[in-house]
Amino acid sequence: MPSAAVAAERVRQIVERQTVEAGLPDCTTSIGCACIDGSGPTVEALLADADAALYTAKHEGRNAVRLAQPQAKRASASARR
């Protein structure tokens with residue numbers, strides 16, 4: 001797992017734990033991570049990948065970290081279908 005996803009998971013756990021320990025209403029976070037894979041994605045493509053991963057986390061039940069599938073890999077997978 002890329003270090004960004006590991007760090008994001010730590011943040012998610014801290015947010016969840018802190019609200020419980022502080023007696024606050026439930027608060028969770030969903031995080032989407034995107035990594036540069038050497039193909040030189042633009043900043044816009046990297047943000048789009050992270051955004052897609054974020055919405056995947058939310059769609060799959062929230063309170064989660066999801067790692068983006070780079071656009072090039074998605075396009076390749078779609079072409080094979």
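**Close-up views of a predicted chain**

**View 1. Helix H1 and its buried side.** The buried residues of H1 are Ala5, Ala8, Arg12 and Thr19; "buried" means under 20% relative accessible area, "exposed" means over 50%, and "partly exposed" is in between (1.4 Å probe, protein chains only). Look down the axis of H1 and these buried residues fall within an arc of 60°, so they line one face of the helix. That arc is taken from the directions from the helix axis to the C-beta atoms. Here's the general idea: an α-helix has 3.6 residues a turn, so residues three or four places apart point the same way.

Residues are numbered from 1 along each chain as its sequence is written, and side-chain values use heavy atoms, with hydrogens and water left out.

**View 2. H1 from end to end, and what covers it.** H1 takes in residues 3-21, which is 19 residues. From its first C-alpha to its last it reaches 27 Å, close to the 27 Å expected at 1.5 Å a residue; the expected span is 1.5 Å times one less than the number of residues. What sits over its buried residues? The cover includes strand S1 (31-33) and S2, with contact meaning heavy atoms within 4.5 Å. Just after H1 comes Gly23, with a positive phi of about 70°.

**View 3. The loop between H2 and S2.** Zoom in on Arg62, in the loop between helix H2 (43-59) and strand S2 (65-67). Its phi is near 70°, a positive value in a residue other than glycine. Most residues other than glycine have a negative phi. Is Arg62 buried or exposed? Arg62 is exposed, with a relative accessible area of 54%. Asn63 lies in that loop between H2 and S2 too, and its phi is also positive, near 50°.

**View 4. The chain as a whole.** Step back and you can count three helices and two strands. Helices (H or I, at least four residues) and strands (E, at least two) are DSSP runs, numbered from the N terminus. From that end, the elements run α-β-α-β-α. Buried residues make up 22% of the 81 residues.

Definitions and conventions:
This is a predicted model: local features need pLDDT of at least 70, side-chain atom pairs count only at pLDDT 80 or more; totals for chains, interfaces and linings use all residues.
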